[in-house]
Structures are given as structure tokens and as C-alpha cells.
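Dear colleague,

Here is the structure I said I would pass on. My notes on it come after it.

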Amino acid sequence: MSLIVNGTSVAPPDDPRVSLLDHLREGLHLTGTKKGCNQGACGACTVLVDGERILSCLALAVQYDGRHITTVEGLAQDDALHPLQAAFIEHDGFQCGYCTPGQICSAIGMAAEVERGVPSHVTADLRADAALTREEIQERMSGNLCRCGAHNGIVAAIQATFVVEAQA
Amino acid sequence: MSILDTAKETAQGLMQGALEKLVPLAPDSWIPGGVPDPLIARKHGLIGSPVSRLDGAFKVQGQAPFAAEFRFDRMTYAALAYATVARGRVASIDSAAAEGAPGVVLVMTHRNAPRMNTPAVFGSSPSAVGPSDLPIFQDDRVHWNGQPIACVLAETQEQADHAASLLAFTYDEEPSTTTLEGARAAGTEQGVMMGRPLLNKIGDADAALAAAPHSVDHLYRTPRHNHNAIEPHAATIAWVDDQLHIHDASQMVTQQAQTVAEVFDLKPDQVRLTSPYVGGGFGSKGLWDHQIIGAAAAKLCGRPVRITLSREGVYRVVGGRTLTEQRVAIGAQADGAIDALIHTGMAVMTPHNSMPEPFTLGTQSAYASPNITLQVKMAKMNMLANTFMRAPGEAVGTFALESAIDELAVELGMDPIDLRLRNEPDRDPVSGLPFSSRNIAEAWRRGAEAFGWNERSATPGTRRDGEWQVGMGCATGTYPYYRMPGAEARITLTLQDGAIHAKVEIAAAEMGMGTSTTTAIVAAERLGLPIEQVEVAYGDSAIPGAIMAGGSQQTAAIGGAVIAAHNALVAELLKLAGNDSPLAGLSPDEVGSEGAALCKLDDPGRRESYASILGRAQRDQVSVTQAGSPPLELMHWSMHSHSALFCEVRVNAVTGETRVGRFLGAFDCGRILNPKTARSQFRGGIIMGLGMALMEETQFDERNGRIMNPSLAEYHVPVHLDVPEIDVIWTDIPDPHTPMGAHGIGEIGITGVAAAVANAVYNATGRRVRDLPITLDKLI
């Protein structure tokens, strides 16, 4: 049994109570994924599992045998930041930086959901292709709390990364 | 207290009194800031151009280490158990099951905790930052519902959490005060802030109010709030020989280290506290029980400890903003001239802490009035010690004052901006001091134009968009300029391979305000070096001096210390330069820095580079440490930041739901050092203000004193969909009397926001809500 974290096969924890979040942080020393509430309310622990965003605090590590888990440490390629990471810096999409890894992982998963045509609460026409409007981004990112109030910068960074990409 | 101490205090009191009499009368040039900082005049450098955060790449890759992310060998994990009564004694503790649970290393309660001194309560000395004057784990007493009463250490967090759940306690309960009415009935007392009563009386406001042809007189209420930084409080702690190492999340690194040292009878240099990254603070990231419990447990078991509060634990252990009940009464002439301004009321604190919520501070300098009465009274409740939260005093005080001003404008049939400008004071109405810099009228003018204020209907409830009622409101925000004493800076220039590298060390904290980046910008400009050649070190108690990220004063405190250290550096370099230098014969105050060189200020061609000076002196390094000047400017001028805030809300006529559609803040906060991070600070404050206006409330169970919503699911903060694009503009007019011409801007953003929202809700609906938060039940 093993998990594949950022491309590397790793052993699961001995204790089945260990959440995926705690396994990443305390077992694997991948502390980029953050613990803000440990009860699924803040989104700081968001990681990607086979490309889908999940709250790692509400996931048991042992559930993820054979699954590909991407954390914020796995986004940069060959020392180059992921375009969204660079956009967060450019648009000042954070202050303290604690919710940031969750915001970034969540936004990447969110953009893929829109790409797949998954509607949201604010999608007016369920038959049309979902679009990454400002309101759609805000609605879909509302599970990621930011207390410093970097919301405008986060939305701007997401738009700059994914909306431009979609238009290109 | 000994006779010697009493004499010392009396002498200090006399000295303070004499300073307060003499400093206002002294010529400007004797006062720090009396001669404008030369950097104010430098227009084309890094200051004022947008610079991305220098730590940004670490943060977006998850590489910035926070307090709970450091590791020690053989580290144990802590879990806490919390009392469930408001006051009494722990009668029995059954810890057998917990002690026998797998992985448990230690169960610590008051029965086996090491003997420790009581932490010195905040403000009782310059370095005292204890949360209250209560001993921690030293007796069986319970002082609040939620007080930590046991700590379990285990090999893993899961084992510790499980074992803590096995602990059982019984209590001997004692009578407690947990209702507002009970606290009021027990008697209120004069609020005292840092030794000063929160009481100002000018003229006879009661008589003037009664005589005024127009008046408003209402009560406003604000609930408890929690900071809710997304990083829960945590510390990773180890004793190494007789040294205590704490990786903490701290807004006051040096003071915390010193207070902890006293708790454990250590010398100050035996505690090393580092805090390179802080995941949000807003006033909360100080010393609370958990660091002391963690250090005590580590001492007792002989192993390092990681203590991370759960989110519930943050609500139980870390205090928030207290509730207030404020009366604002204003009497005015028909033309709007204010005759009487009364802002009084009460807030709640505990018998053991030192934090009255000073909601009248912002009113002191707000409006010209010949008759003013301001007073904060405190009632006492058995609860967790309340503390400062972003703009303590002003955040809630401006809600009451600026709502009342709006009500007066309605009463007079005046535009609320005109009413405010009609009452602009030409000097501080309470202290009588001249303002150092006050361009609030300019902020109003520019803000009104950018927001389109002229499109507002003065008659409430007249704009409609389907089922949405639309309205506009405005308010003034205000926060004082502070610069606390104690800041030092160490500047070290190193010559390596012909290039100069500067290291600037400051005992400051970075919680995301952008301090490390802004300090690098300012230091680079002051030293005349490219920012790439300047390194800033901070967040470490081993650095000299003590700087607090509080009171929006850190930028000024650092700025003042760097000015002093730079002056010392110039003097030191001139000494090294000697008689063979083009600078020979010049005194330090004739010389400045530019282009990696010292040059004569009024003849920049007369210069010698740092590299040349060091090279000729056969030195590869020069280092100076200097403290900033005493902040006498605060006694010489009335120094404040201001904002003009504009809000457009949509209130659903069917459900009562309020949505903020547009918000604009026009700020007058001196010169803006880094527009990119400053905009984020302003927006962040405004967004926290939107939360305060519409949703935030720590719910306190008056039956037993327990906080009922200790989670981010039940304490609502603004989420992405609640936050519109927030426009921020600023006057950028330097304050001639501050370092760099700048003001700290961490707290001004939240002030006035709740009033701007409430005033917009009134304009939309004709309903005046004087009781925060403005939830839909108050509008249906």
C-alpha cells in the first residue's frame, strides 16, 4: 500500500486515524499544506487528488492507496513557479501566506471543474458551458477563507492565469 | 513595593508630567521629525513604486516555515483540556485512563506542573505582555469557562488528542458574573488605558446638548469579536541545557521572550524566541497560556513539545475584542456646527487583565466642538481575558460616532460629507495640539468624485433594482500615528568581492503586512543601495531592541531606528575614511548616502564609496546598532491617519439580506511606501470591517460564560463571494514630522467601515441598525 505524493511513492501512516493532512505535515514533513481549522471549514488544507481538490483534514491518509496527491510543494516545475503561483505574487493575492497554498491548490482544481463544465450555485444556465466569470470564481472559491483580506488579489490572480489561458 | 521603587515611580511620573508640559512648547526643530526626514524629498526612488513581496516565492510554494512547522528530535505533541465552568475550583481530576493511553508521555495539571512565576500582565512594564495577572497551572482555581486545566503530551497528535478526551474533572463551582446585566449591576468603573483614564471633558456638553436646536442621542452596541487568523496559535518548544527555545507566532517577539524568561526565572538571554512567519495576527498573536504550558510541560518531561491549539482551543485560550455599549449624543446648529459631542458608554473586561476597549480615542480629534464629554467605563465579567483586535477602540468607536453623524445629517437635512467638513477642527479639540498632517478634506473630495457620490439619493428607500433596495453611505475612519520607544536597528555593511552587502536587523514581526519588504525598500533608499544588496532580518529575540507589531506603529518604529542607525553608520564610516578621504573634515550631519557612497548633502560630487572607505581602512565589515529617538513628537503634535469611506449596499426587500456592491476607501495616511502591499493592508482592514458590519459575532452563553461558536463554520467571516472589488485611493501627502513621511496603516482600514455600511443600509431601506452585526433579522 502506498500513496503517490508529488510523484513520489510514500508509505501510509501506521495509525489509521491519521488524516491525510497530518500525514503530509507530520509524517512526510510537507508542511506547505496548512491546518487552519481541522474541520473542513477554512480550506487551508486543500490538496489535489488525481486533479480534484479535496480537504485533506477530512480525509484519512489510508483511504488514498495508489492515488496521486499534489500539494503546493509539487506545483512548481524545474524551479519555475506554476503560473498561478507567479500570478499570486504579481497580484498580491496574499498577505500572511497561511491560506495561500490552499487557495492555490483549490483554484487549480476549480479551474479544472469549470473546464469540465461543472456548474455552481451562481451558474445561470446549466446547459451552457460554465465560464470563469468573476462571480463564478468568487462562488467557487468561497470555501477557502482568507482573513488578511486578499480576496481581490486572489481573484485577480486566478483571472490572469486561467481566463487569459482560456482565451489564448 | 519598596520605598526606592515608589521614589523611582514618582520621579518618572514627575519627569513624564514635565515632558508633557514642555514638549508641546518646544520649538519644532528640537523634536524628532521637526526637521523633515530627507527621504521625504526623494521622489524617484523605490519608495512609492510597487514592489512585490520579497518573501512571496516562499509563501506561494509553501516553503515559509510557520511556528508549528519547526521540528526538534524526540518532539512530543500536546493536547489541552479546558474547564467547563466559569468560576470555581477543580475538585477532582481522573487522569488514570489518559496516563495509561498509548503513546502518552505526560499528563500535566496544576498538581505536577513546575513552579512558575505569574506572567506580568500586559503594560505593567515595557516588556510585560502577559494575557492577565493569573498564575498558570499553579493552583486549582478556574477563572473562565474554557481555561486550560490539563495538558497531555504524547508521541503523536492523535494519541495526545485521544488521551485528553479520557480526562475527567469535577468542579466546586463558585458564583460568577457572566451576564451583561449582572456585570452592570455589580458596578462599573472608570476605564484606564496605559495608566490614563479614558475620560475627557471640555466645556459643558450636557448643557450645550440640551440647548442645541438640533440633536441626536442614541445607543449603539457592538458584540464580541474574534481575530480568527487562519493560522491557529502554535509554538514548538525545546529546552537545550539552560536555554529555552521557542518557535512561536508572535507580534512582539522580544517582549514575549522577556515575559517568558521571568515566568521561569531565567535571564533574558536564556530565552530565544523566533517568529519568522506569522499566519495572521490582528492583535491576537501574543503571549497566551499555551506557550507557558508548553514550555512547562517540555521542562517536566525533558523532551521538546509542539503545542498547536485546535480552532476551538484558539477561542478558549486566546481572547478577542470585547463587547461595547456606547451612547453618542450630538447637539448642533441648523448650519451643522456642532455645539456638543458626547460619546460615553461601557465595555466589559475581566478582573485580571488590562484592556479596556478605548472606543472614545478616535472621537478625541474627530470634530470641532466647544463642548465634549468622552468616557469609557468598564464592567467586569468572569470570562477569558479580552484583548486588542485590529484598531482596538476605533473599530467599534467609529461605528457609533459615524452612525450618529449620519443620523445628525438626516436630522439637519444636510449631506453627511458637508456636515463632516463643516466641523473640521483646525487643531486637536481635546489636546489643543496642532495636527502634524490632516488632509481629510482632500480625501473626501477625491473619494466622492471617484465613487460617484453625487448619484446618491438623499431620501432613503428610493432606489430599487428588482427586489433589491440600493443605498449609499459614507463614514470617516481614523487611527492615531504612534511610535513606541524601544526600537533598535543594527546595520552591518560587508565588503565582499568588491561589492557592498547590507544587513539590517530589527526585532520586528511580519504577519503579512509587508514589513520585511517595506523595510528593505526604505533601508535601500536610506543606504543608497539597490534593494538586491539589502537583507532584512527580523522576528528573532536575539536581535537588539524591542519592536511591537501593534498600534500601527511598527513602520514608524523601524523607520526611526533605521534613521538613528544610519546616522551612526555615517559617523563610523567618516571615522574610518580619515583624512585621506574627499569627505575629510565633514561632520556626520553634513553627509548622506547615495549610490553606494557617502556624499556631502549639499555637494553630492564630494563623495567616497562604501567599498573605497572600507578597503582603505582594511576592513571588510562595519556594524552599528542604534536605538531610535524618544517619540517626543507624539506630545508635540496631534498625529492621526484618516479615511473617507464610501459604500453601496443592496438589501433584499424580501429576505433582508444585505450585500455590499461597491466600496471605496480614500486614505490620508502620509506617504505610501509600497503601493502594492499598502493596498492589500487597506483592503484587508476594510474586509474585516465588512465582516464586523454584517456577520461577525462571538456568541457568549450568558448562562455559563462559554463561547458557543468556537469554529470557523459558526463564526462567520467574509468569504470570496461577500467581497466586492474594493477601490482604494490615497492622498499620498507626506506627514512632514514622521520617518519617511509615512504613517502605519495596519488598522486604519477597518475603522469607519461598519458605519459606512450601516449608513448605506439606512439610505437603502430607511432602517437604522444600531446593533452590530446587521443581520437580516434586523431588517425584515
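Predicted model: local features only at pLDDT ≥ 70, side-chain atom pairs only at ≥ 80, totals over all residues.

Chains A and B

Chain A puts 46 residues into the contact, and chain B puts in 47. On the side of chain A that touches chain B, at least two residues each come from helix 1 (20-27), helix 2 (83-90), helix 3 (100-115), helix 4 (134-140) and helix 5 (151-167) of chain A. That side of chain A is made up of 21 nonpolar, 16 polar and nine charged residues.

Domains of chain A

Chain A splits into domain 1 (3-74) and domain 2 (83-167), with C-alpha centres 21 Å apart. Their contact uses 15 residues of domain 1 and 14 residues of domain 2. On the domain 1 side, strand 3 (46-49) and strand 4 (52-55) of chain A each supply at least two residues; strand 3 gives the most, with three residues. By class, the domain 1 side has six nonpolar, six polar and three charged residues.

A helix pair in chain B

The axes of helix 14 (residues 515-527) and helix 15 (residues 554-577) of chain B come within 11 Å of each other and cross at roughly 30 degrees. Angles under 35 degrees count as roughly parallel, so helix 14 of chain B is roughly parallel to helix 15 of chain B. Their crossing is right-handed. The contact of these two helices has five nonpolar, seven polar and one charged residues. Among them are Thr515(B), Val522(B) and Arg526(B) from helix 14, and Gln554(B), Ile558(B) and His566(B) from helix 15.

Regards

Key: Residues numbered from 1 in each chain as written. Chains lettered and ligands numbered in written order. Contact = placed C-beta atoms within 7 Å. Helix = DSSP H or I, 4+ residues; strand = E, 2+ residues; numbered from the N terminus. Nonpolar A, V, L, I, M, F, W, Y, C, P; charged D, E, K, R; others polar. Axes fitted to C-alpha atoms, helices over the stretch in contact; angles between N-to-C directions. Parallel < 35°, antiparallel > 145°, perpendicular 65-115°, else oblique. Left-handed = near helix turned anticlockwise from the far one by under 90°. Domains from an automatic or database assignment.
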